[in-house]
Amino acid sequence: MRAMTAASPNSPTDIADILAFYASAGVDEALEDAPVNRFAEAAPRPVERAPAPVAPPHEEKAAERPAAPPGLDASNVPDAPPARSSVAAVPDEAQAALARQLATTATTLDELRQHMAAFDGCNLKATAKNLVFADGNPDAAVMLVGEAPGRDEDIEGLPFVGRSGRLLDRMLAAIGLDRTSVYIANVIPWRPPGNRTPTPHETEICRPFIERQIELVNPKVLVNLGGPSAKTLLNTSEGILRLRGNWRVHTTASGIAIPAMPTLHPAYLLRTPAHKKLAWRDFLEVKAKLRALS
């Protein structure tokens, strides 16, 4: 009997598994072209700096104040304001109110995209590479909405372009649709760092944008891909396994009622292939609804 030996850590299979593990953990970018041996590095020497000259008190006070205009007493001129630093926005109700205002004023999808690109009220924008606005046909009868972009979507600036996107394409093809006959977007247009779950406040800040996007597209059928999309847009706390397969209604700000089908997210189906049959039933319901509405 041949003795069992451990697989070589340098084999292509092991390397591919390690890279897949890193990608799923959010480690998707190399900081250096080659590994760095930190133990072999010499301890850096402290940089000696000459002491800064200390200005006399009267000169320091003079430097703090701007020059007084002619005819005014310099003592009445206020101190210069401190320098402002650029930091990521902290989610709060003021940012959510601004998002609602911007979304309401957008009359076209192009205007909405411009407002979202200029909006700095969501801290996720500070760590994302691209705004992931939408893909597909804005005149389509079907609109699909997921939760948030992943790594591949963040790089390309398009929703559902990775493994889950390829599965979604096959699911659409099974009912006679493709990306030219549907419109695809996300509740959150910026990738959360490390693919973490968006916070409830981040979701609320982005909610006005996706709701306005749905209203402008005005599809005949809305498909909620995954629990977060369904809970946000259908105002429910039920889990996706209870929601899926049952028609709900998404009501826009203008009062338009759009039939909505919650279903399982393609990323979940990749992890749980046994539930693909459930998603297949949901997509057959979508096909039947489109036929009935035609």
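In which sense do strand E4 and strand E6 pair, and over how many bridges? Strand E4 (residues 221-225) and strand E6 (residues 257-263) pair in the parallel sense over 4 bridges; two strands are taken as paired if DSSP finds at least two bridges between them.

1. Basis of the model. This is a predicted model, in which local features need pLDDT of at least 70 and side-chain atom pairs count only at pLDDT 80 or more, while totals for chains, interfaces and linings use all residues. Residues are numbered from 1 along each chain as its sequence is written, and side-chain values use heavy atoms, with hydrogens and water left out.

2. Confidence. The mean pLDDT (the predictor's confidence in each residue, from 0 to 100) of the protein is 84, and 75% of its residues reach 70 or more. Over residues 1-8 the pLDDT is below 50, and this stretch has 2 contacts in the model beyond near neighbours in sequence. The pLDDT is also below 50 over residues 74-87, a stretch with 13 contacts beyond near neighbours in sequence. A contact means heavy atoms within 4.5 Å.

3. Overall composition. The protein contains 11 helices and 6 strands; these are DSSP runs numbered from the N terminus, with helices (H or I) of at least four residues and strands (E) of at least two. Buried residues (under 20% relative accessible area, against over 50% for exposed and partly exposed in between, with a 1.4 Å probe and protein chains only) make up 35% of the 294 residues. The accessible surface comes to about 18200 Å², of which 56% belongs to carbon and sulfur atoms; accessible areas come from the Shrake-Rupley method with a 1.4 Å probe, and for residues only the protein chains shown count as cover. Among contacts with a separation of 6 or more, 68% are between residues 24 or more positions apart.

4. The sheet. The 6 strands form an open sheet with mixed pairing, in the order E1-E3-E2-E4-E6-E5. Strand E1 (135-136) and strand E5 (248-251) stand at the edges with a single partner strand each, so one side of each is left without a neighbour in the sheet. Helix H11 (residues 276-293) packs on the sheet and touches strand E2 (142-146), E4 and E6. The direction of H11 makes about 160 degrees with that of E6; axes are lines fitted to C-alpha atoms, for helices over the stretch in contact, and angles run from 0 to 180 degrees between N-to-C directions.

5. Strand E3 and its partners. E1 and E3 pair in the antiparallel sense over 2 bridges, and the bridge partner of Gly136 in E3 is Tyr183. E2 and E3 run parallel and are joined by 5 bridges, with Val145 opposite Ala185 in E3. In strand E3 (residues 182-186), 5 of 5 residues are buried. Both faces are covered, with Val182, Ile184 and Asn186 on one side and Tyr183 and Ala185 on the other.

6. Asn224 has Pro262 in E6 as its bridge partner. E5 and E6 pair in the antiparallel sense over 4 bridges, and Arg248 stands opposite Ala260 in E6. The hairpin of E5 and E6 has 5 residues between the strands, and Gly255 takes a positive phi near 90 degrees there.

7. The nonpolar core. The largest nonpolar core has 58 residues, of which Met143 and Leu144 touch the most other members. Helix H7 (residues 200-217) gives the most to this core, with 6 residues. Such a core is a set of buried Ala, Val, Leu, Ile, Met, Phe, Trp, Tyr and Cys residues joined through side-chain atoms within 4.5 Å. Beyond residues up to four places away in sequence, the residues touched by Leu144 include Leu168, Val182, Ile184, Val223 and Phe283.

8. In H8, 6 of 8 residues are buried, namely Gly227, Ser229, Ala230, Thr232, Leu233 and Leu234. Their cover includes E2, H7, E4, H9, E5 and E6. Just after H8, Asn235 takes a positive phi of about 50 degrees. Thr236 lies in the loop between helix H8 (227-234) and helix H9 (240-243). Thr236 counts as buried because its relative accessibility is 17%. Leaving aside neighbours within four places in sequence, Thr236 is in contact with Ala230, Lys231, Leu243 and Arg248.
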